Structure formats: structure tokens, C-alpha cells
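My notes follow the structure.

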Amino acid sequence: MTLYHIADVHIGVKNQRLGDKLFDIQYKHLKRLYEDAVKNNVDFVVIAGDLFDSNSVPMSLARPVFELIAGYRGVHTIIIPGGGASIKDEITGHDAYTKDSIYKRVDIKAYFSRDNIHLLTPDNPYVKIKDVLFQGGFFEVPDYIDEDALYHIAIVHGAFGKNEDEIDPKRLEDTPFDYIALGHYHKHRVFGKSAYAGAFIQFEFTKAKDLKSGFVKVEPGPKLNIEYVPFDDAPRFLKVELLSKEDLDSVKDRLNDNTFVQIEGYLDELEDDVMELLENDNVALNDEHFVIESDGTSQVFYDTLLKNLLNYPEEYREEIVSLIMRFIHKKATFPEVKDFLQKRYEI
Ligand SMILES: [Mn+2]
């Protein structure tokens with residue numbers, strides 16, 4: 001048995017660079033996913049939350065998505081609502097299952113009476129299709145229902161990770177589920193028997209250079225197989241700081257028709273190169289960009305920073321550089337830096 005797992009499609013999200021074209025790209029790739037499912041006899045597509053960017057998405061976008069999904073009659077689609085988090089019993093976030101949920105609209109509800117579209121909610125948390133049991137979890141791994149089924153699949157929208165405000169990913173390992181389909185984080189990541197699909201189509205500018213769009217192909221069972229299938233022609237949105245020739249070359253190497261670049265700031269001696277780069281329609285300068293004057297002090301500071309940076313874990317390096325750049329740029333005084341750090345990290 002094979003299932004396709006996607007999440008965080010965010011239909012209706014606003015994207016400055018692509019405008020309405022983003023929806024066309026999302027739609028085209030959804031279609032590609034289903035065509036692929038039909039071709040490979042895949043029975044199930046699981047959508048682990050945030051299919052829509054908000055509960056106020058217009059019907060002109062929501063309807064074609066449901067029509068597309070409903071049209072593939074041989075494929076069962078199992079959807080859970082997303083949402084950011086459950087805070088004091090109140091669900092916040094994107095297509096959260098609130099009073100005004102998109103899934104409660106009369107026109108949308110009608111689609112859930114079709115045989116091939118299934119919505120799991122806290123009131124209706126599981127469904128058994130062709131001997132496979134799908135259980136929705138809402139910010140947590142659901143309690144396993146010990147019912148006879150070939151496979152038990154959980155679908156959860158929530159923040160699992162090693163940071164303090166996240167749910168311990170060990171929760172994902174100590175369960176009898178065959179697979180846990182996760183949504184929420186926009187980067188694909190595997191934790192043992194579970195995985196984040198990541199954003200179906202990337203749409204946010206980020207500093208991460210390796211973010212992909214795509215879906216997860218899962219073969220549950222004793223030899224569980226989790227494979228990520230990337231869409232190589234999907235757009236990429238890069239946020240960059242141009243502080244050296246190397247930064248500049250790395251941007252030039254990555255630029256192509258599908259890559260959009262936002263320059264957060266640059267070193268003043270690179271101004272001519274930056275202007276040249278800006279001639280490309282896919283490159284733009286942030287309205288609030290910074291320009292760093294290359295005086296001797298900043299250069300010494302920057303060189304020292306780069307030399308010592310490798311002593312820190314990789315996941316912190318980007319943030320360290322970014323903070324220090326901000327301070328160099330602002331020529332902040334010690335009390336200002338101290339105040340900034342105390343506020344930011346509540347220390
Ligand atoms: Mn999301």
C-alpha cells in the first residue's frame with residue numbers, strides 16, 4: 001500500500017512577487033500529485049492541515065480545489081484542519097476548526113458527503129477506508145484505537161521538536177501507529193515513523209537555502225518506506241544579506257526563473273554589484289534594507305565573527321550573524337545591545 005502525504009498548502013496566501021500566479025502553481029502541482037496517484041494506483045492522499053491559509057479564503061479559490069480533489073474518484077483524500085496551536089482550549093491559526101471554519105461552510109460541507117473526501121475533526125476523529133484506519137490528532141498524537149485494520153495511520157498538525165515550546169518528538173516514536181503524517185513546519189523532516197511534509201509549494205522568503213516543495217510518498221508496514229518527492233520547478237524565495245563577494249556569487253549561482261530573491265542588506269562596497277543584480281526582475285531590495293559602511297572596525301569585527309562562528313552549532317549560526325550585522329549596522333551602544341537581547345530572549 002502506498003499513500004501520498006502533503007501539508008501546508010496554504011491556498012489563498014498572499015505572495016507579493018507572484019500574486020495570483022501562486023494559486024495557479026499550487027493548483028497545477030495538486031493536479032500533478034493526483035495524476036501521479038492515479039498512474040501509480042495510490043489509493044490515499046493525506047492532507048495534514050493548513051490546506052487553506054485562512055478560514056476566509058474566497059470560494060473562487062476553495063471550490064476549484066475541492067472540485068479537483070473530488071474529480072479523482074479512485075483516490076481517497078483525508079483532510080484535517082490545521083491551525084497554529086491550541087492555547088487555553090482556543091484553537092488559533094490558519095484553517096483551524098473554529099465556529100467560522102471554512103469546512104463548516106454549506107458549499108464546502110457538501111463535498112464531504114462524497115465517497116472520496118473525508119474530513120477528520122475533534123468531533124469525528126477517525127475513518128476506516130479499505131481496511132486502513134486514519135486517525136486525526138489535534139496538536140498531539142491521538143490515542144491509538146485498537147481496531148482491527150491493515151494499517152493505522154495518524155494525521156497530526158502540531159509543533160514537534162527539541163525546542164522548549166515544542167512537543168517532544170519522542171511522542172512520535174513510542175506509538176503503535178504505522179505512520180504519523182505531520183503538518184505545521186514548512187520544511188520536510190523525518191522523525192522515525194513520522195514526517196513533516198513541509199510546505200507543498202514554498203511561499204515565504206526565508207534564509208534557508210535548501211527548502212523544497214513537494215510531497216511524501218509512504219509505504220507503511222514492517223519495512224516502512226518514507227520518500228520525499230520534490231517539485232524541481234516550484235518557486236523558491238530566498239532572503240539574503242550580501243556581505244561579501246561569496247554571498248554575491250552564491251546568489252548569482254542560485255538565480256533562475258523560479259527563484260525570487262529579497263535583499264535584506266548589503267555592504268556598501270558591493271553597491272554596484274547589488275544594482276546590477278537588481279536589474280533581474282526576480283530580485284528586489286527590502287524596503288527596510290540596511291547598508292553597512294565598510295570601515296576598519298566593522299571589517300575586523302566581521303572577520304573575527306566568521307573565524308569563530310564554526311565553534312557554534314550550525315542551527316544558531318545564521319541568527320548569530322544576523323544579530324551581529326544588525327548591531328554593526330546600527331552602531332549600537334552596549335546598553336542598547338543588552339536591552340535588545342534581554343527583550344528578545346526574555347533574559
Ligand atoms: Mn502552515
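The entries below cover the helix pair and then the strand.

Entry 1, the model. I am working with a predicted model, in which local features need pLDDT of at least 70, side-chain atom pairs count only at pLDDT 80 or more, and totals for chains, interfaces and linings use all residues. Residues are numbered from 1 along each chain as its sequence is written.

I looked up helix α1 (residues 21-39) and helix α2 (residues 59-71), whose axes come within 10 Å and cross at roughly 10 degrees. Helices (H or I, at least four residues) and strands (E, at least two) are DSSP runs, numbered from the N terminus. Axes are lines fitted to C-alpha atoms, for helices over the stretch in contact, with angles from 0 to 180 degrees between N-to-C directions. The crossing therefore makes α1 roughly parallel to α2 (angles under 35 degrees). On α1 I noted Phe23, Tyr27, Leu30, Lys31 and Tyr34 in the contact, and on α2 Leu61, Pro64, Val65 and Leu68 (C-beta atoms, placed from the backbone, within 7 Å).

I found 5 of the 5 residues of β10 (residues 179-183) buried (20 or more other C-beta atoms within 10 Å of the residue's own, with C-beta atoms placed from the backbone). Tyr179, Ala181 and Gly183 point one way from β10, while Ile180 and Leu182 point the other way.

β10 pairs with β9 (residues 151-157) in the parallel sense over 5 bridges (pairing needs at least two DSSP bridges). Ala154 has Ile180 as its bridge partner in β10. I also noted 3 bridges joining β10 to β12 (residues 194-196), which run parallel; there the partner of Leu182 is Tyr196.

Methods. Angles under 35 degrees count as roughly parallel, over 145 as roughly antiparallel, 65 to 115 as roughly perpendicular and the rest as oblique. Two residues are in contact if their C-beta atoms, placed from the backbone, lie within 7 Å. A residue is buried if 20 or more other C-beta atoms lie within 10 Å of its own, exposed if 12 or fewer, and partly exposed in between; C-beta atoms are placed from the backbone.
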